[in-house]
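This briefing walks through the fold of a single chain, topic by topic. Please keep the sequence and the structure at hand while reading.

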Amino acid sequence: MRRNFLQLLGISLISSFLLPINFLFAASKKILNKNLSDEQKKIMFDEGTERPFSSKLTKENRSGFYHCANCGAKLFASTSKYNSGTGWPSFSEALPGAFKTKVDSKFGMVRTEYHCAKCGAHHGHVFNDGPSNGGKRFCNNGLCLIFKPSN
Ligand SMILES: [Zn+2]
């Protein structure tokens, strides 16, 4: 009896702890760049996806950093970019703390989508089939990124 009560208490503590986090996560999404195109807004705030091979960043291989097109946060270093052959800019790792992830079960697939930690904009999905053994593949919409070359 006492144990059941403690379990219930534990479950309600967990749910009351999780709910505000989800709420804050959703509330933190906001358009900061007034110059975003309709297509950029659709991807970043309505979880859309651009056509594969449509982004010129897929072939970008200069050194520099990739920033969030909405808030300007630095997300990826060019050293983690690689050619995945998928038609979207792909990275083996993100800069620490750049993203928050969420499970997406649309289209009957369970995938992990990621959002900019600073502005909440959707960027893409992360998979476990990266170039290194056990590495990640961040599959990013090019329209969500701004590349700034180092020199
Ligand atoms: Zn952002």
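In which loop is Asp 129 found? Asp 129 is found in the loop between β7 and β8, and the model in which it is placed is a predicted one. The chain has two helices and nine strands, and the pattern along the sequence is α-α-β-β-β-β-β-β-β-β-β. Of the 151 residues in the chain, 25% are buried, and among contacts between residues at least 6 apart in sequence, 56% join residues at least 24 apart.

**The six-stranded sheet**

- Six strands make up an open sheet in the order β3-β4-β8-β7-β6-β5, and the pairing is antiparallel.
- The edges are taken by β3 (81-82) and β5 (99-104), each of which has a single partner strand, so one side of each is left without a neighbour in the sheet.
- Strand β6 (residues 111-116) and strand β7 (residues 122-127) run antiparallel and are joined by four bridges; Thr 112 has Val 126 in β7 as its bridge partner, while Glu 113 has His 125 in β7 as its bridge partner.
- In a regular strand the side chains alternate between the two faces of the sheet.
- β6 and β7 form a hairpin with five residues between them, and in its turn Gly 120 has a positive phi of about 85°.
- On the β8 side, β7 is joined to strand β8 (residues 137-140) by four bridges, again in an antiparallel arrangement, with Arg 137 in β8 as the bridge partner of Phe 127.

- Is Asp 129 buried or exposed? Asp 129 is exposed, because 9 other C-beta atoms lie within 10 Å, and the cut-off for an exposed residue is 12 or fewer.
- Although Asp 129 and Ser 92 are 37 residues apart in sequence, their C-alpha atoms are 9.3 Å apart in space.
- Arg 137, which is found in strand β8, is buried, because 21 other C-beta atoms lie within 10 Å, where the cut-off for a buried residue is 20 or more.
- Leaving aside residues up to four places away in sequence, Arg 137 touches Ser 84, Ser 90, Ser 92, Val 126, Phe 127, Asp 129 and Gly 130.
- Arg 137 and His 125 are 12 residues apart along the chain, and a distance of 8.3 Å separates their C-alpha atoms.

**The largest nonpolar core**

- The largest nonpolar core has 22 residues, of which Cys 68, Leu 75, Ala 94, Cys 116, Ala 121 and Cys 144 touch the most other members.
- Two or more residues of this core come from each of the elements α2 (38-45), β1 (64-68), β2 (74-77), β6 and β8.
- Ala 94, one of the residues that touch the most other core members, is in contact with Leu 75, Phe 76, Phe 99 and Phe 138, when residues up to four places away in sequence are not counted.

**Helix α2**

- Which residues of α2 are buried? In α2, the buried residues are Gln 40, Ile 43 and Met 44, and they lie on the same side of α2 because they cover an arc of only 90° around the axis.
- The strand against which the buried residues of α2 pack is β7, the strand that is also joined by four bridges to β6 and by four bridges to β8.

Note on methods:
Residues numbered from 1 in each chain as written. Predicted model: local features only at pLDDT ≥ 70, side-chain atom pairs only at ≥ 80, totals over all residues. Pairing = 2+ DSSP bridges. Core = buried A, V, L, I, M, F, W, Y, C linked by C-beta atoms within 7 Å. Contact = placed C-beta atoms within 7 Å. Arc of directions from axis to C-beta.
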